[in-house]
Amino acid sequence: MSRPVTRLLFREDSYLLSFRGRIVDVRPADHPYLFVALDRTAFFPEGGGQPWDTGWIRIDPSIDPSDDPDVRFGVDQVLEGPGGPWHRLALPPGSGVAAREAWARPESLPGRQILGQVDPVRRTDHVQHHGGQHLLSEVLWKTRGIATLAFHLGDGDAAIEVSADRLSREELDALEDEVNDRIRRGGPVRTFVTDLQTARGLPLRRPPPPEDPVRIVEIVGLGMAACCGTHPDDLSRIGLLRITEAERIRGRLRLHFLCGRRAFLAARSDLQAAGEAAARMSGPVARLPALVDGLRSQVRTREAEAAEVLAELARLRIGQALAAIGEAEGPRILSLPLEDIRRMDLYGDTAMAMAAGTDLAAVVLAAEDRDGIRFQVRRTGPAAGGPDLRGLMKELAAVRPIRGGGSPDRVQGIHVLEGMSAGALADLLRQACARFIGRWGPGSASGA
Ligand SMILES: [Zn+2]
(Lines give C-alpha, C1' and ligand atoms only; values in the text may rest on other atoms or scores of the structure.)
Protein backbone atom coordinates (compact mmCIF):
# COMPACT_ATOMS: atom_id res chain seq x y z
CA MET A 1 0.00 0.00 0.00
CA SER A 2 1.77 3.17 -1.12
CA ARG A 3 1.11 6.52 0.54
CA PRO A 4 2.96 9.76 1.22
CA VAL A 5 5.74 9.44 3.82
CA THR A 6 4.56 10.64 7.25
CA ARG A 7 6.39 13.57 8.86
CA LEU A 8 7.61 12.33 12.24
CA LEU A 9 7.00 15.19 14.67
CA PHE A 10 8.28 13.15 17.66
CA ARG A 11 11.74 13.21 16.07
CA GLU A 12 11.70 17.00 15.98
CA ASP A 13 10.36 17.60 19.50
CA SER A 14 9.86 14.97 22.22
CA TYR A 15 7.66 17.39 24.17
CA LEU A 16 5.16 18.08 21.37
CA LEU A 17 2.06 16.14 22.45
CA SER A 18 -0.81 17.93 20.68
CA PHE A 19 -0.80 18.32 16.88
CA ARG A 20 -2.98 18.82 13.80
CA GLY A 21 -2.80 16.64 10.71
CA ARG A 22 -4.75 14.82 8.03
CA ILE A 23 -5.70 11.20 7.49
CA VAL A 24 -3.97 9.95 4.31
CA ASP A 25 -4.84 6.25 4.36
CA VAL A 26 -7.00 3.73 6.17
CA ARG A 27 -6.94 -0.03 6.34
CA PRO A 28 -9.14 -2.53 8.15
CA ALA A 29 -8.04 -4.28 11.33
CA ASP A 30 -9.63 -6.99 13.44
CA HIS A 31 -12.94 -5.86 14.91
CA PRO A 32 -13.36 -3.44 16.67
CA TYR A 33 -10.34 -1.59 15.32
CA LEU A 34 -9.21 0.47 12.29
CA PHE A 35 -5.71 1.50 11.25
CA VAL A 36 -5.08 5.01 9.89
CA ALA A 37 -1.96 6.71 8.52
CA LEU A 38 -1.47 10.49 8.91
CA ASP A 39 0.47 13.08 6.92
CA ARG A 40 2.23 14.05 10.18
CA THR A 41 2.20 12.51 13.64
CA ALA A 42 3.55 12.97 17.17
CA PHE A 43 2.68 9.34 18.04
CA PHE A 44 5.88 7.27 18.42
CA PRO A 45 5.52 3.74 17.01
CA GLU A 46 7.21 0.79 18.69
CA GLY A 47 10.96 0.74 18.02
CA GLY A 48 14.47 0.46 19.50
CA GLY A 49 13.21 -1.13 22.74
CA GLN A 50 10.71 1.70 23.37
CA PRO A 51 6.94 0.93 23.34
CA TRP A 52 4.40 2.93 21.32
CA ASP A 53 2.54 6.01 22.49
CA THR A 54 -1.17 5.98 23.20
CA GLY A 55 -3.71 8.82 23.22
CA TRP A 56 -6.62 9.92 21.03
CA ILE A 57 -7.44 11.40 17.65
CA ARG A 58 -10.37 13.77 17.03
CA ILE A 59 -11.80 13.87 13.51
CA ASP A 60 -12.69 17.24 11.92
CA PRO A 61 -11.35 19.33 14.82
CA SER A 62 -12.91 22.48 13.34
CA ILE A 63 -16.25 21.26 14.72
CA ASP A 64 -16.90 22.89 18.05
CA PRO A 65 -16.01 20.19 20.64
CA SER A 66 -19.16 21.07 22.62
CA ASP A 67 -21.37 20.15 19.62
CA ASP A 68 -20.35 16.50 19.50
CA PRO A 69 -17.64 15.68 21.98
CA ASP A 70 -17.57 12.08 20.85
CA VAL A 71 -16.04 12.36 17.33
CA ARG A 72 -12.94 11.08 18.97
CA PHE A 73 -11.17 7.74 18.62
CA GLY A 74 -8.77 6.18 21.09
CA VAL A 75 -5.25 5.39 19.79
CA ASP A 76 -4.25 2.21 21.60
CA GLN A 77 -1.39 0.97 19.41
CA VAL A 78 1.02 2.53 16.91
CA LEU A 79 3.01 0.27 14.61
CA GLU A 80 5.80 1.07 12.16
CA GLY A 81 4.87 0.28 8.56
CA PRO A 82 5.91 1.24 5.05
CA GLY A 83 5.80 5.03 4.76
CA GLY A 84 5.52 5.62 8.52
CA PRO A 85 3.41 4.77 11.56
CA TRP A 86 -0.06 3.18 11.47
CA HIS A 87 -2.36 4.24 14.30
CA ARG A 88 -4.82 1.64 15.57
CA LEU A 89 -8.09 3.38 16.42
CA ALA A 90 -10.90 2.12 18.62
CA LEU A 91 -14.44 3.50 18.86
CA PRO A 92 -15.01 4.29 22.55
CA PRO A 93 -18.23 2.90 24.07
CA GLY A 94 -21.07 5.41 24.12
CA SER A 95 -19.74 7.34 21.09
CA GLY A 96 -22.05 9.89 19.45
CA VAL A 97 -23.83 9.67 16.10
CA ALA A 98 -21.14 11.48 14.09
CA ALA A 99 -18.42 9.18 15.42
CA ARG A 100 -20.43 6.04 14.64
CA GLU A 101 -21.21 7.31 11.13
CA ALA A 102 -17.54 8.02 10.46
CA TRP A 103 -16.65 4.60 11.86
CA ALA A 104 -19.22 2.83 9.67
CA ARG A 105 -17.72 4.34 6.49
CA PRO A 106 -13.91 4.15 6.88
CA GLU A 107 -13.51 4.94 3.16
CA SER A 108 -14.75 8.46 4.03
CA LEU A 109 -11.83 9.06 6.45
CA PRO A 110 -8.87 9.79 4.11
CA GLY A 111 -8.47 13.52 3.56
CA ARG A 112 -10.20 14.51 6.82
CA GLN A 113 -8.45 16.79 9.31
CA ILE A 114 -7.57 15.51 12.75
CA LEU A 115 -6.38 16.77 16.11
CA GLY A 116 -4.02 14.30 17.80
CA GLN A 117 -3.23 14.11 21.52
CA VAL A 118 -0.46 11.89 22.89
CA ASP A 119 -0.95 10.58 26.46
CA PRO A 120 1.43 12.90 28.38
CA VAL A 121 2.03 10.59 31.39
CA ARG A 122 3.05 7.62 29.24
CA ARG A 123 5.21 9.74 26.90
CA THR A 124 6.98 11.49 29.80
CA ASP A 125 7.68 8.09 31.37
CA HIS A 126 9.16 6.80 28.08
CA VAL A 127 11.26 9.95 27.58
CA GLN A 128 12.65 9.67 31.12
CA HIS A 129 13.50 5.98 30.77
CA HIS A 130 14.96 6.36 27.30
CA GLY A 131 17.08 9.31 28.45
CA GLY A 132 18.10 7.34 31.55
CA GLN A 133 19.16 4.44 29.35
CA HIS A 134 21.39 6.67 27.18
CA LEU A 135 23.02 8.21 30.25
CA LEU A 136 23.56 4.86 31.99
CA SER A 137 24.98 3.32 28.80
CA GLU A 138 27.31 6.27 28.12
CA VAL A 139 28.66 6.31 31.71
CA LEU A 140 29.23 2.52 31.61
CA TRP A 141 31.04 2.83 28.27
CA LYS A 142 33.10 5.97 28.95
CA THR A 143 34.20 5.21 32.52
CA ARG A 144 34.23 1.39 32.60
CA GLY A 145 34.51 0.23 28.96
CA ILE A 146 31.26 -1.77 29.39
CA ALA A 147 29.12 -1.90 26.22
CA THR A 148 25.30 -1.93 26.10
CA LEU A 149 24.04 -4.84 23.98
CA ALA A 150 20.26 -4.54 24.33
CA PHE A 151 17.57 -2.26 25.79
CA HIS A 152 14.00 -3.04 26.78
CA LEU A 153 11.35 -0.79 28.29
CA GLY A 154 8.24 -2.52 29.62
CA ASP A 155 5.28 -1.89 31.92
CA GLY A 156 7.22 -3.21 34.93
CA ASP A 157 10.66 -1.71 34.51
CA ALA A 158 13.42 -0.93 32.01
CA ALA A 159 16.55 -3.02 31.51
CA ILE A 160 19.81 -3.01 29.57
CA GLU A 161 22.02 -6.00 28.88
CA VAL A 162 25.69 -5.13 29.21
CA SER A 163 29.00 -6.81 28.40
CA ALA A 164 30.01 -7.43 32.01
CA ASP A 165 30.11 -10.65 33.97
CA ARG A 166 29.21 -9.07 37.29
CA LEU A 167 29.23 -5.79 39.21
CA SER A 168 29.49 -5.76 42.99
CA ARG A 169 26.97 -3.92 45.18
CA GLU A 170 29.60 -1.21 45.73
CA GLU A 171 30.23 -0.85 41.98
CA LEU A 172 26.49 -0.62 41.29
CA ASP A 173 26.09 2.02 44.03
CA ALA A 174 29.00 4.05 42.59
CA LEU A 175 27.46 3.81 39.10
CA GLU A 176 24.04 4.91 40.41
CA ASP A 177 25.68 7.84 42.29
CA GLU A 178 27.57 8.99 39.20
CA VAL A 179 24.47 8.84 36.99
CA ASN A 180 22.32 10.72 39.53
CA ASP A 181 25.03 13.38 40.05
CA ARG A 182 24.86 14.07 36.30
CA ILE A 183 21.04 14.19 36.42
CA ARG A 184 21.14 16.70 39.31
CA ARG A 185 23.76 18.89 37.59
CA GLY A 186 21.83 18.73 34.30
CA GLY A 187 23.27 19.19 30.83
CA PRO A 188 21.97 19.48 27.27
CA VAL A 189 20.90 16.47 25.22
CA ARG A 190 21.08 17.33 21.51
CA THR A 191 19.46 15.51 18.59
CA PHE A 192 20.54 16.00 14.98
CA VAL A 193 20.32 14.25 11.63
CA THR A 194 23.33 13.62 9.40
CA ASP A 195 24.26 11.53 6.37
CA LEU A 196 25.63 8.05 6.90
CA GLN A 197 29.14 8.97 5.67
CA THR A 198 29.44 11.74 8.29
CA ALA A 199 27.88 9.51 10.98
CA ARG A 200 30.56 6.87 10.41
CA GLY A 201 33.20 9.50 11.23
CA LEU A 202 31.54 10.50 14.54
CA PRO A 203 32.70 9.07 17.91
CA LEU A 204 29.52 6.97 18.30
CA ARG A 205 29.19 4.41 21.11
CA ARG A 206 28.08 1.82 18.54
CA PRO A 207 28.41 1.76 14.72
CA PRO A 208 25.43 3.54 13.09
CA PRO A 209 22.68 1.44 11.43
CA PRO A 210 22.97 1.19 7.62
CA GLU A 211 20.35 3.88 6.97
CA ASP A 212 20.72 7.31 5.42
CA PRO A 213 20.24 9.83 6.92
CA VAL A 214 21.12 8.82 10.49
CA ARG A 215 19.62 10.41 13.61
CA ILE A 216 22.16 11.07 16.37
CA VAL A 217 21.48 11.70 20.06
CA GLU A 218 24.29 13.43 21.93
CA ILE A 219 24.66 13.91 25.68
CA VAL A 220 26.84 16.99 25.28
CA GLY A 221 30.26 16.45 26.83
CA LEU A 222 29.70 12.74 27.43
CA GLY A 223 28.95 10.77 24.25
CA MET A 224 26.69 10.13 21.29
CA ALA A 225 24.73 7.26 19.72
CA ALA A 226 22.45 6.69 16.73
CA CYS A 227 18.83 6.42 17.93
CA CYS A 228 15.26 6.95 16.68
CA GLY A 229 13.49 7.23 20.08
CA THR A 230 12.11 10.11 22.12
CA HIS A 231 14.65 11.75 24.47
CA PRO A 232 14.72 14.54 27.06
CA ASP A 233 16.35 17.82 25.97
CA ASP A 234 18.24 18.04 29.27
CA LEU A 235 19.60 15.38 31.65
CA SER A 236 17.81 17.04 34.60
CA ARG A 237 14.44 16.03 33.07
CA ILE A 238 15.24 12.33 33.75
CA GLY A 239 14.58 13.24 37.39
CA LEU A 240 16.05 10.17 39.08
CA LEU A 241 17.53 6.79 38.15
CA ARG A 242 17.51 3.74 40.42
CA ILE A 243 19.21 0.45 39.53
CA THR A 244 16.78 -2.04 41.02
CA GLU A 245 18.40 -5.38 40.15
CA ALA A 246 21.51 -6.85 38.51
CA GLU A 247 20.67 -10.21 36.98
CA ARG A 248 23.21 -12.56 35.37
CA ILE A 249 21.89 -14.02 32.17
CA ARG A 250 23.64 -15.92 29.35
CA GLY A 251 27.07 -14.70 30.47
CA ARG A 252 25.89 -11.06 30.41
CA LEU A 253 24.59 -8.75 33.08
CA ARG A 254 21.03 -7.42 32.85
CA LEU A 255 20.64 -4.16 34.77
CA HIS A 256 17.05 -3.36 35.66
CA PHE A 257 16.35 0.30 36.38
CA LEU A 258 13.57 2.82 36.92
CA CYS A 259 13.54 6.53 36.13
CA GLY A 260 11.60 9.65 37.05
CA ARG A 261 8.19 9.29 38.65
CA ARG A 262 8.20 5.49 38.37
CA ALA A 263 11.50 5.34 40.31
CA PHE A 264 10.10 7.66 42.97
CA LEU A 265 6.82 5.72 43.37
CA ALA A 266 8.65 2.37 43.56
CA ALA A 267 11.05 3.74 46.19
CA ARG A 268 8.14 5.08 48.22
CA SER A 269 6.24 1.78 48.13
CA ASP A 270 9.41 -0.22 48.96
CA LEU A 271 10.07 2.07 51.93
CA GLN A 272 6.48 1.84 53.14
CA ALA A 273 6.60 -1.98 52.97
CA ALA A 274 9.94 -2.02 54.84
CA GLY A 275 8.49 0.41 57.41
CA GLU A 276 5.45 -1.81 58.02
CA ALA A 277 7.64 -4.91 58.37
CA ALA A 278 9.94 -3.11 60.82
CA ALA A 279 6.97 -1.84 62.85
CA ARG A 280 5.61 -5.41 63.17
CA MET A 281 8.99 -6.44 64.54
CA SER A 282 9.14 -3.37 66.83
CA GLY A 283 12.39 -2.05 65.37
CA PRO A 284 13.71 0.63 63.02
CA VAL A 285 13.93 -0.01 59.23
CA ALA A 286 17.74 0.08 59.35
CA ARG A 287 17.76 -2.91 61.73
CA LEU A 288 15.36 -4.97 59.58
CA PRO A 289 18.00 -7.42 58.23
CA ALA A 290 19.26 -8.13 61.78
CA LEU A 291 15.67 -8.53 63.07
CA VAL A 292 14.84 -10.97 60.25
CA ASP A 293 18.05 -12.95 60.93
CA GLY A 294 17.09 -13.18 64.60
CA LEU A 295 13.59 -14.36 63.72
CA ARG A 296 14.88 -17.00 61.29
CA SER A 297 17.31 -18.28 63.89
CA GLN A 298 14.43 -18.57 66.41
CA VAL A 299 12.34 -20.45 63.85
CA ARG A 300 15.19 -22.90 63.16
CA THR A 301 15.60 -23.57 66.90
CA ARG A 302 11.84 -24.14 67.35
CA GLU A 303 11.74 -26.41 64.29
CA ALA A 304 14.58 -28.53 65.66
CA GLU A 305 12.80 -28.77 69.05
CA ALA A 306 9.49 -29.70 67.40
CA ALA A 307 11.22 -32.40 65.32
CA GLU A 308 12.72 -33.90 68.49
CA VAL A 309 9.33 -33.95 70.23
CA LEU A 310 7.64 -35.53 67.19
CA ALA A 311 10.38 -38.19 66.91
CA GLU A 312 10.02 -39.01 70.62
CA LEU A 313 6.23 -39.25 70.24
CA ALA A 314 6.66 -41.58 67.24
CA ARG A 315 8.98 -43.87 69.26
CA LEU A 316 6.47 -43.96 72.14
CA ARG A 317 3.44 -44.73 69.94
CA ILE A 318 5.30 -47.39 67.94
CA GLY A 319 6.59 -48.95 71.18
CA GLN A 320 3.00 -49.19 72.51
CA ALA A 321 1.74 -50.61 69.20
CA LEU A 322 4.52 -53.21 69.12
CA ALA A 323 3.68 -54.28 72.69
CA ALA A 324 0.01 -54.63 71.73
CA ILE A 325 0.60 -57.04 68.83
CA GLY A 326 -1.07 -60.33 69.89
CA GLU A 327 0.49 -63.76 69.96
CA ALA A 328 -1.54 -64.86 66.93
CA GLU A 329 -0.23 -67.45 64.53
CA GLY A 330 1.61 -66.15 61.46
CA PRO A 331 4.03 -63.26 60.81
CA ARG A 332 4.02 -60.32 63.22
CA ILE A 333 2.81 -57.12 61.49
CA LEU A 334 2.75 -53.63 63.02
CA SER A 335 -0.21 -51.60 61.78
CA LEU A 336 -0.78 -47.99 62.77
CA PRO A 337 -3.32 -45.38 61.60
CA LEU A 338 -1.88 -41.82 61.66
CA GLU A 339 -3.71 -38.51 62.16
CA ASP A 340 -1.29 -36.56 59.98
CA ILE A 341 -0.27 -37.67 56.48
CA ARG A 342 2.93 -35.57 56.77
CA ARG A 343 4.26 -37.92 59.50
CA MET A 344 4.05 -41.07 57.34
CA ASP A 345 7.78 -41.26 56.53
CA LEU A 346 8.83 -40.35 60.09
CA TYR A 347 6.71 -43.20 61.50
CA GLY A 348 7.80 -45.62 58.77
CA ASP A 349 11.51 -44.90 59.29
CA THR A 350 11.22 -45.02 63.09
CA ALA A 351 9.29 -48.31 63.02
CA MET A 352 11.80 -49.90 60.65
CA ALA A 353 14.69 -48.80 62.92
CA MET A 354 12.91 -50.21 66.00
CA ALA A 355 12.10 -53.47 64.16
CA ALA A 356 15.80 -54.23 63.57
CA GLY A 357 16.78 -57.41 65.47
CA THR A 358 13.14 -58.36 66.28
CA ASP A 359 10.86 -60.85 64.52
CA LEU A 360 8.61 -58.07 63.13
CA ALA A 361 7.87 -58.93 59.47
CA ALA A 362 6.27 -55.73 58.15
CA VAL A 363 5.00 -52.24 59.00
CA VAL A 364 1.63 -50.92 57.74
CA LEU A 365 0.74 -47.20 58.00
CA ALA A 366 -2.40 -45.39 56.84
CA ALA A 367 -3.56 -41.77 57.02
CA GLU A 368 -6.45 -39.78 55.61
CA ASP A 369 -5.70 -37.45 52.69
CA ARG A 370 -7.94 -35.18 50.60
CA ASP A 371 -8.81 -37.79 47.98
CA GLY A 372 -8.73 -40.98 50.04
CA ILE A 373 -6.66 -42.96 52.55
CA ARG A 374 -2.96 -43.10 51.75
CA PHE A 375 -0.92 -46.05 52.98
CA GLN A 376 2.58 -47.54 53.12
CA VAL A 377 3.60 -51.18 53.59
CA ARG A 378 7.26 -51.87 54.37
CA ARG A 379 8.80 -55.28 54.78
CA THR A 380 11.79 -55.99 57.03
CA GLY A 381 14.73 -58.14 55.93
CA PRO A 382 16.80 -57.86 52.76
CA ALA A 383 15.27 -56.00 49.81
CA ALA A 384 15.84 -58.87 47.39
CA GLY A 385 15.00 -62.47 48.10
CA GLY A 386 11.91 -61.92 50.32
CA PRO A 387 8.23 -61.79 49.32
CA ASP A 388 7.68 -59.12 46.64
CA LEU A 389 5.13 -56.65 48.05
CA ARG A 390 4.19 -55.56 44.53
CA GLY A 391 2.40 -58.93 44.33
CA LEU A 392 0.37 -57.89 47.42
CA MET A 393 -0.56 -54.62 45.68
CA LYS A 394 -1.71 -56.52 42.62
CA GLU A 395 -3.94 -58.81 44.71
CA LEU A 396 -5.43 -55.84 46.61
CA ALA A 397 -6.05 -53.79 43.47
CA ALA A 398 -8.03 -56.69 42.02
CA VAL A 399 -10.64 -56.52 44.81
CA ARG A 400 -10.34 -52.98 46.25
CA PRO A 401 -10.34 -49.37 44.87
CA ILE A 402 -6.60 -49.14 45.37
CA ARG A 403 -3.89 -47.53 43.24
CA GLY A 404 -0.19 -47.64 43.98
CA GLY A 405 3.16 -49.30 43.45
CA GLY A 406 6.71 -49.40 44.72
CA SER A 407 9.58 -51.83 45.13
CA PRO A 408 9.75 -55.48 46.40
CA ASP A 409 10.20 -54.37 50.06
CA ARG A 410 8.18 -51.13 50.07
CA VAL A 411 4.88 -50.18 48.45
CA GLN A 412 2.60 -47.16 48.86
CA GLY A 413 -0.72 -46.14 47.43
CA ILE A 414 -4.17 -44.72 47.98
CA HIS A 415 -7.56 -46.27 48.75
CA VAL A 416 -10.20 -44.10 47.07
CA LEU A 417 -13.61 -44.99 48.47
CA GLU A 418 -15.63 -42.90 50.87
CA GLY A 419 -16.67 -44.41 54.16
CA MET A 420 -13.33 -46.08 54.90
CA SER A 421 -11.34 -44.86 57.92
CA ALA A 422 -7.54 -44.91 58.22
CA GLY A 423 -7.89 -47.35 61.14
CA ALA A 424 -10.11 -49.75 59.19
CA LEU A 425 -7.79 -49.69 56.17
CA ALA A 426 -4.68 -50.24 58.36
CA ASP A 427 -6.39 -53.28 59.88
CA LEU A 428 -7.46 -54.64 56.49
CA LEU A 429 -3.94 -54.19 55.07
CA ARG A 430 -2.42 -55.88 58.15
CA GLN A 431 -4.52 -59.00 57.61
CA ALA A 432 -3.86 -59.11 53.85
CA CYS A 433 -0.14 -58.56 54.44
CA ALA A 434 0.01 -61.33 57.06
CA ARG A 435 -1.67 -63.78 54.65
CA PHE A 436 0.60 -62.72 51.78
CA ILE A 437 3.84 -63.03 53.73
CA GLY A 438 2.58 -66.21 55.45
CA ARG A 439 2.11 -67.89 52.06
CA TRP A 440 5.65 -67.12 51.08
CA GLY A 441 8.56 -69.48 51.85
CA PRO A 442 11.94 -70.06 50.26
CA GLY A 443 11.18 -72.23 47.22
CA SER A 444 7.58 -70.97 46.80
CA ALA A 445 6.60 -69.40 43.47
CA SER A 446 6.47 -65.76 44.65
CA GLY A 447 9.95 -65.89 46.19
CA ALA A 448 11.77 -67.46 43.25
ZN1 LIG B 1 17.53 6.74 22.27
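Colleague: Which residues of α6 are exposed?
Modeller: Leu265, Arg268, Ser269, Gln272, Ala273, Glu276, Ala279 and Arg280 are exposed, where exposed means that 12 or fewer other C-beta atoms, placed from the backbone, lie within 10 Å of a residue's own, buried means 20 or more, and partly exposed is in between. This is a predicted model, in which local features need pLDDT of at least 70 and side-chain atom pairs count only at pLDDT 80 or more, while totals for chains, interfaces and linings use all residues. Residues are numbered from 1 along each chain as its sequence is written.

Colleague: And which ones are buried there?
Modeller: Gly260, Arg262 and Ala263 of α6 are buried. They cover an arc of only 155° around the axis, taken from the directions from the helix axis to the C-beta atoms, and this puts them on the same side of α6, with the exposed residues on the other side.

Colleague: What covers the buried ones?
Modeller: The cover includes α3 (120–144), β14 (241–249) and β15 (252–259), where helices (H or I, at least four residues) and strands (E, at least two) are DSSP runs numbered from the N terminus, and contact means C-beta atoms, placed from the backbone, within 7 Å.

Colleague: You mentioned α3, so how does it pack with α4?
Modeller: α3 and α4 (residues 169–185) pack at an angle of about 125°, with their axes 10 Å apart. That makes α3 oblique to α4, because angles under 35 degrees count as roughly parallel, over 145 as roughly antiparallel, 65 to 115 as roughly perpendicular and the rest as oblique. The axes are lines fitted to C-alpha atoms over the stretch in contact, and angles run from 0 to 180 degrees between N-to-C directions.

Colleague: Which residues meet there?
Modeller: Leu135, Leu136 and Val139 in α3 meet Leu175, Glu178, Val179 and Arg182 in α4.

Colleague: Changing topic, how do α9 and α10 pack?
Modeller: Helix α9 (residues 389–399) and helix α10 (residues 422–439) pack at about 130° with axes 10 Å apart, and they are therefore oblique to each other. Leu392, Glu395 and Leu396 in α9 meet Ala432, Cys433 and Phe436 in α10.

Colleague: And Pro203, is that buried or exposed?
Modeller: Pro203 counts as exposed, because it has 7 C-beta neighbours inside 10 Å, and it lies in the loop between α5 (196–200) and β12 (214–219). Its C-alpha atom is separated by 24 Å from that of Asp181, 22 residues apart along the chain.

Technical notes:
Contact = placed C-beta atoms within 7 Å.
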